[in-house]
Amino acid sequence: MMKHITRSFFGLCLFGVLVILISLQIDLRQKYIQPSLEALFVHNTEVFVKEYTVKPEKYSCPSNVSSTRVEDILCLEKRTFLKNFKNPCWYEPSGKSQSSSSSVQNKTLRCLPYFHIFGVCKTGTTDLFFRLIQHPQILPNAGVLGKETWFWSWRRYGEYTDGYTKVTVKQFTRAFDAQKIGETKMSIEDGSQYSDLITGHGDPMDFWDHKHWRDIHQNDPYANVPKVMTPHLVKHVLPNIKLILLLREPAERYFFY
């Protein structure tokens, strides 16, 4: 009987100690740890915003650039896109004609992508792209699988092209069906014509392949790190493009291979 009472007493004491320790731990967490974590998060967020917010920058434009080098995209004139097109499009003179006439008869409509899918390989970029183009207002492109243009990371540097020809932005526009975008218009409330068709591309490598950064004119080819990378080029040409980044849990992606 005495042993039973003793065991019960020690059990209650142990239970009481555990309750006190748990309460103390919760109190310490609320009093010291949580505020520290919050302060750390806020501080790091402020540092991130301060250091990595993209700010407008003027880039140098060398005048004696060799014709064999890649196109100097950051020194291209920024396009003013047409307001009656949802997709980024513009008119430019056809052929050798440089007429400034407002008539579109002697001009060529060119379009660039409205959205850009990129990310790690095997994250479902192809599946997402094919699901998107099921919508009647979203067009595929003329690239691989109607999805991949390979422009920003590969073809503009002469990789995966015939004769290692370096593709320009103007040639890049040929991947997108400007004719169909221009022909398909609807009347809006004020009586004007508006095209609501859009197009895009999905190039996973634009997220992870930046090996050609030394070929970008504004970078020092002898430096260890780049000053300008693909995102800077995309922003210069398409400041309002819709970016869709796909990632995947690493272990699941590994076994998917």
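**Sheet, cavity and selected residues in a predicted model**

V144 is partly exposed, because its relative accessible area is 30% (buried means under 20%, exposed over 50% and partly exposed in between, with a 1.4 Å probe and protein chains only). The structure is a predicted model, in which local features need pLDDT of at least 70 and side-chain atom pairs count only at pLDDT 80 or more, while totals for chains, interfaces and linings use all residues. Residues are numbered from 1 along each chain as its sequence is written, and side-chain values use heavy atoms, with hydrogens and water left out.

V144 sits in the loop between strand 4 and helix 3; helices (H or I, at least four residues) and strands (E, at least two) are DSSP runs numbered from the N terminus. Although V144 and H201 are 57 residues apart along the chain, their C-alpha atoms are separated by 9.8 Å. Helix 3 itself spans residues 169-172 and includes Q171. Q171 counts as partly exposed because its relative accessibility is 31%.

Of its 257 residues, 32% count as buried. Among contacts (heavy atoms within 4.5 Å) with a separation of 6 or more, 64% come from residues 24 or more positions apart.

Four of the strands form an open sheet in the order 4-7-3-8, with parallel pairing; two strands pair if DSSP finds at least two bridges between them. Its edges are strand 4 (138-139) and strand 8 (242-246), each of which pairs on one side only. Strand 4 runs parallel to strand 7 (residues 198-202), and 2 bridges join them. I138 has I198 of strand 7 as its bridge partner. Helix 2 (residues 125-132) packs on this sheet, touching strand 3 (115-119), strand 4, strand 7 and strand 8. The direction of helix 2 makes about 160° with that of strand 3 (axes are lines fitted to C-alpha atoms, for helices over the stretch in contact, and angles run from 0 to 180 degrees between N-to-C directions).

The largest cavity holds about 60 Å³, a volume being the space filled by probe spheres set on the points, which are joined across faces, edges and corners. Its lining residues (an atom within 4 Å of a point) include Y157, H210 and W213.

Terms used: 1 Å grid on protein atoms, 1.4 Å probe; cavity = no way out; pocket = protein on both sides within 12 Å on 5 of 7 lines; lining within 4 Å.
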